[in-house]
Amino acid sequence: MSEHHKPQDVSDDADPVLVQGLVARYGSQTVLDGVDFAAPRGLITVILGGSGCGKSTLLRHALGLMEPEAGTVRLLGCDLFSLNDDELRSVRSRIGVLFQSGALFSSLTVGENVALVIREQSQLPEPVVRQMVRMKLALVGLENAVTKYPEELSGGMRKRAALARAMAMDPEVLMCDEPSAGLDPIVAAGLDELLLDLKAQFGMTIVVVTHELESVRKIADRVVMLEAGRVLASGTIDEVRDSREQVVRDFFSRTPRAAAGRGASLWTASRGGAQ
Ligand SMILES: Nc1ncnc2c1ncn2[C@@H]1O[C@H](COP(=O)(O)OP(=O)(O)O)[C@@H](O)[C@H]1O
Ligand SMILES: [Mg+2]
């Protein structure tokens, strides 16, 4: 590889995820129209916004799965669209992703699901792979589920197993798209604890899409609110709470009690939008 084509690792203080002026379209529909987004190292950044506003699309661009119409995407210091396939794969191997549809392979046990990722991305000997699988599952409290099939697990356990899989290769950045969707509030709270643990123990940089006010209050170091293809507000919760946008203030001024439970999530409550 020539020096010229080496992915550049920038200085330590650069944001691991940095999106600038992102324009995204599906056909003639412009979904994101000049979005700036940064996920600072070692912090949890939460993306908020109504259903269909482009949150998943933003993540897909941040991962290099979609090419921007305009704007730049830097992941771990690399401009994703100047990389060749090998370089892109190498950057992606340092990222863990929990997709919205985060399905495990149903024909494989939980342990095999996690092992698959490790075997794909490394040449580690089998005993080491098995040891890593046990470690990752222990981290999410599923040490006893190694030989279970996904259908034998509850929804919350399946989410945790998918999280273990996303973390199989010790990613520097973890991106989770609505990790607690479909989970009851107690299980969802457990997932929040897990994300906080990952941040505290490994200094992981985490990006989470969520609708839940309780969750946002608990885990978010920074929030970015999207609406109509643009960033409505961004900053710490305290900064965003004082936004001049009424919809932003409304969201953060709701009391914890009123916001408890899934029925009161952000946009369902304030806008009547469907999920
Ligand atoms: N693969 C696709 N093809 C065409 N339109 C899409 C596709 N994925 C999403 N969209 C549209 O783009 C908009 C944003 O979608 P998405 O990023 O999934 O929103 P969110 O994750 O915030 O709910 C929606 O209007 C959706 O219908
Ligand atoms: Mg989505």
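Some ground rules. In this predicted model, local features need pLDDT of at least 70 and side-chain atom pairs count only at pLDDT 80 or more, while totals for chains, interfaces and linings use all residues. Residues are numbered from 1 along each chain as its sequence is written, ligands are numbered from 1 in the order in which they are written, and side-chain values use heavy atoms, without hydrogens or water.

I start with ligand 1. The residues around ligand 1 include Tyr26, Gln29, Lys55, Ser56 and Arg60; each has a heavy atom within 4 Å of the ligand. Some pairs are polar contacts, meaning N or O atoms within 3.5 Å. Ser56 places a polar side-chain atom 2.8 Å from a ligand oxygen. For Gln29, the distance from a polar side-chain atom to an oxygen of ligand 1 is 3.1 Å. The side chain of Tyr26 has an N or O atom 3.4 Å from a nitrogen of the ligand.

Next, Ser243. Is Ser243 buried or exposed? Ser243 is buried, at 11% relative accessible area, because buried means under 20% with a 1.4 Å probe, protein chains only. Ser243 sits in the loop between helix H8 (237–241) and helix H9 (246–253); helices here are DSSP runs of H or I, at least four residues, numbered from the N terminus. Beyond its neighbours within four places in sequence, Ser243 is in contact (heavy atoms within 4.5 Å) with Ala233, Val248 and Arg249.

Conventions: Helices (H or I, at least four residues) and strands (E, at least two) are DSSP runs, numbered from the N terminus. Buried means under 20% relative accessible area, exposed over 50%, partly exposed in between (1.4 Å probe, protein chains only). A polar contact is a pair of N or O atoms within 3.5 Å; within protein, one must be able to donate a hydrogen and the other to accept it, and residues adjacent in sequence count only if both atoms are side-chain atoms.
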